[in-house]
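Hi there,

Here is the structure I promised to pass on to you. Have a look at it first, and then read my notes below.

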Amino acid sequence: MRDASEREYVDYVTGRLPALRRLAYLLVGDEHRADDLVQQTITTLYVKWKRAQAADHLDAYVRTMLVRTHLDERRLAWARVRLFQKVPDPDPVEEHGIEDRQIVRAELARVPRRQRAVLVLRFCYDLPVDEVATILGCSAGTVKSQTSRGLATLRRLLDERGFTRHPALN
């Protein structure tokens, strides 16, 4: 990269890093995995920076890269390598005095990955169906069905936990 182009890349990534980490965390539910996902995305962005700069909406382009990296991660061989015989139990969640969003976030992490991506993009980022479809590389109908299935899964998980406070999820 040329110096000016590299400086633009560094400035862009520095400015957008908090937003990228927030999206990655919502998708994976773990700070360390979110950092890995962001690192992988910004590394790819560095390689494709010239093409990315030509995008009509750079933030949307990078957000799409991050979500697709997340969705593709399961297909890669290294993602199947486990350091433990079984997945560690999630941190215990106290039922008394915990905020609703912590409970919803914990259960959102259990929703299947593609459905979780749709729910995060639709409801946390308030993106329209067509934009989510573009990011995920699927049809608007698929986004709608994944939204419906994702919400049903999230409702079921919350019901199993006895959580029924939020009217939007009931």
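**What I found**

In helix 2, the buried residues are Ala34, Leu37, Val38, Thr41, Ile42 and Leu45. Please keep in mind that this is a predicted model.

Why do these residues lie on the same side of helix 2? They cover an arc of only 125 degrees around the axis, and that places them on the same side. The buried residues of helix 2 pack against helix 1, helix 3 and helix 4. On the other side of helix 2, you will find His32, Asp36 and Val47 exposed.

Helix 2 itself runs over residues 31–47, and its 17 residues reach 25 Å from the first C-alpha to the last, close to the 24 Å expected at 1.5 Å a residue.

Next, take a look at helix 1 (residues 3–28) and helix 4 (residues 58–72): their axes come within 11 Å and cross at roughly 40 degrees. The crossing is right-handed. Among the residues making this contact are Leu20, Leu23 and Leu27 of helix 1 and Val62, Leu66 and Val67 of helix 4. The contact residues divide into 10 nonpolar, one polar and three charged.

Finally, is tryptophan 49 buried or exposed? Tryptophan 49 counts as buried because its relative accessibility is 2%, under the 20% cut-off. This residue sits in helix 3 (residues 49–53). Tryptophan 49 and tyrosine 9 are 40 residues apart in sequence, and their C-alpha atoms are 7.1 Å apart in space.

Best wishes

Key:
Residues numbered from 1 in each chain as written. Predicted model: local features only at pLDDT ≥ 70, side-chain atom pairs only at ≥ 80, totals over all residues. Heavy atoms only, no water. Helix = DSSP H or I, 4+ residues; strand = E, 2+ residues; numbered from the N terminus. Buried < 20%, exposed > 50% of the residue type's maximum accessible area, 1.4 Å probe, protein only. Axes fitted to C-alpha atoms, helices over the stretch in contact; angles between N-to-C directions. Left-handed = near helix turned anticlockwise from the far one by under 90°. Contact = heavy atoms within 4.5 Å. Nonpolar A, V, L, I, M, F, W, Y, C, P; charged D, E, K, R; others polar. Expected span 1.5 Å × (residues − 1). Arc of directions from axis to C-beta.
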